[in-house]
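Visitor: I would like to go through this structure with you. Could we begin with the terms and then move on to the details?

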Amino acid sequence: MARPLGPAPGHPGADPSVAHALVAESSTADLIVTGSQTGADRALALAVAASARCPVVAVPPGGAWRDDLPALIGVDEHLAVTTALTGFALAAVLGTGLRAVRCTGGRPAAGTPGAPAVLGDCARRHPGVPVDARVARSHPVSGLLRHARLAALLVVGCTPTGERSTSRRLLDRSPIPVVLVGPRVADREPAAGRDDVTSGDRVPSP
């Protein structure tokens, strides 16, 4: 059973009753979709992602799914398997590839850890999803936003760390839907990305 939510720490403006209702539904949902037009919308998305058992998709004004562009995921040595699986599964349902971007924070690429092993493990589970690995010598926020201009959606891990968290800053500025994968997301894939779903069940492009 989902735990009750009070006012979300670090997410002022999120309606606790709405957040609780969405979290309560998350154990039987593949995705929760919210808007991200206002600060309250973004606070709600983050508050729900902090406790939800499935990823939360925050869609900006004018945002739309595009199957002619890759899904984008930020990677580092702490990449969680649930975040990686979500990226691959959504790329699979869109019928596109996955661009994995490692931002080095200005450090030379040779001095930073390589792509985590979990990325390779998930790629073997989704052999039909091509992976384009990139390195950006920039802060994760600026580097991912640059790549977001040519991506269908952005997948990021999300922890409840407040107003200055990477996920909050990406939500504030991203021109494309942001998929927030919180710490309570189960190690499972959205149904659309599993082998037991037929092609007729794929989400249509807008």
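Guide: Buried means under 20% relative accessible area, exposed means over 50%, and partly exposed lies in between, with a 1.4 Å probe and protein chains only. This is a predicted model, in which local features need pLDDT of at least 70 and side-chain atom pairs count only at pLDDT 80 or more, while totals for chains, interfaces and linings use all residues. Residues are numbered from 1 along each chain as its sequence is written, and side-chain values use heavy atoms, with hydrogens and water left out.

Visitor: Is Arg42 buried or exposed?

Guide: Arg42 counts as buried, because its relative accessibility is 15%.

Visitor: Which side chain does Arg42 meet in a salt bridge?

Guide: Arg42 meets Asp172, with an N to O distance of 2.7 Å. A salt bridge here is a side-chain nitrogen of Lys or Arg within 4 Å of a carboxyl oxygen of Asp or Glu.

Visitor: Where do the two residues lie?

Guide: Asp172 is in helix H6 and Arg42 is in helix H2, 130 residues apart, and the pair links distant parts of the chain. Helices (H or I, at least four residues) and strands (E, at least two) are DSSP runs, numbered from the N terminus. Asp172 counts as partly exposed, at 38% relative accessibility.

Visitor: Which other residue forms a salt bridge with Asp172?

Guide: Arg168 does, the closest N and O atoms being 3.1 Å apart. Both Arg168 and Asp172 lie in helix H6, four residues apart, about one turn of the helix. Arg168 is buried, with a relative accessible area of 7%. Through shared partners, salt bridges join Arg42, Arg168 and Asp172 into one network.

Visitor: How many salt bridges are found in the whole structure?

Guide: The search finds five. One of them joins the side chains of Asp132 and Arg99, at 3.3 Å from N to O. Asp132 lies in strand E5 (residues 131–136) and Arg99 in strand E4, so this pair ties together parts that are 33 residues apart in sequence. Asp132 is partly exposed at 27%, whereas Arg99 counts as buried at 14%.

Visitor: Changing topic, what is the order of the strands in the sheet?

Guide: The open sheet has seven strands in the order E1-E2-E7-E6-E3-E4-E5, with mixed pairing. Two strands pair if DSSP finds at least two bridges between them.

Visitor: Which strands stand at the edges?

Guide: Strand E1 (32–35) and E5 do; each has a single partner strand, so one side of each is left without a neighbour in the sheet. E1 pairs with E2 in the parallel sense over four bridges, and Thr34 stands opposite Ala58 in E2.

Visitor: Which strands does H2 lie across?

Guide: H2 lies across E1, E2 and E7, and runs at about 170° to E2. Axes are lines fitted to C-alpha atoms, for helices over the stretch in contact, and angles run from 0 to 180 degrees between N-to-C directions. Contact means heavy atoms within 4.5 Å. H5 lies across strand E3 (71–74), E4, E5 and E6, at about 155° to E4.

Visitor: And how many residues does the largest nonpolar core have?

Guide: That core has 30 residues, and Leu144 is one of those with the most contacts inside it. A nonpolar core is a set of buried Ala, Val, Leu, Ile, Met, Phe, Trp, Tyr and Cys residues joined through side-chain atoms within 4.5 Å. H2 gives the most to this core, with five residues.

Visitor: Which residues does Leu144 touch?

Guide: Not counting residues up to four places away in sequence, Leu144 touches Leu72, Gly74, Val101, Cys103, Leu154, Val156 and Leu170. A second, separate core of 25 residues includes Leu69, Val75, Leu85 and Val185.
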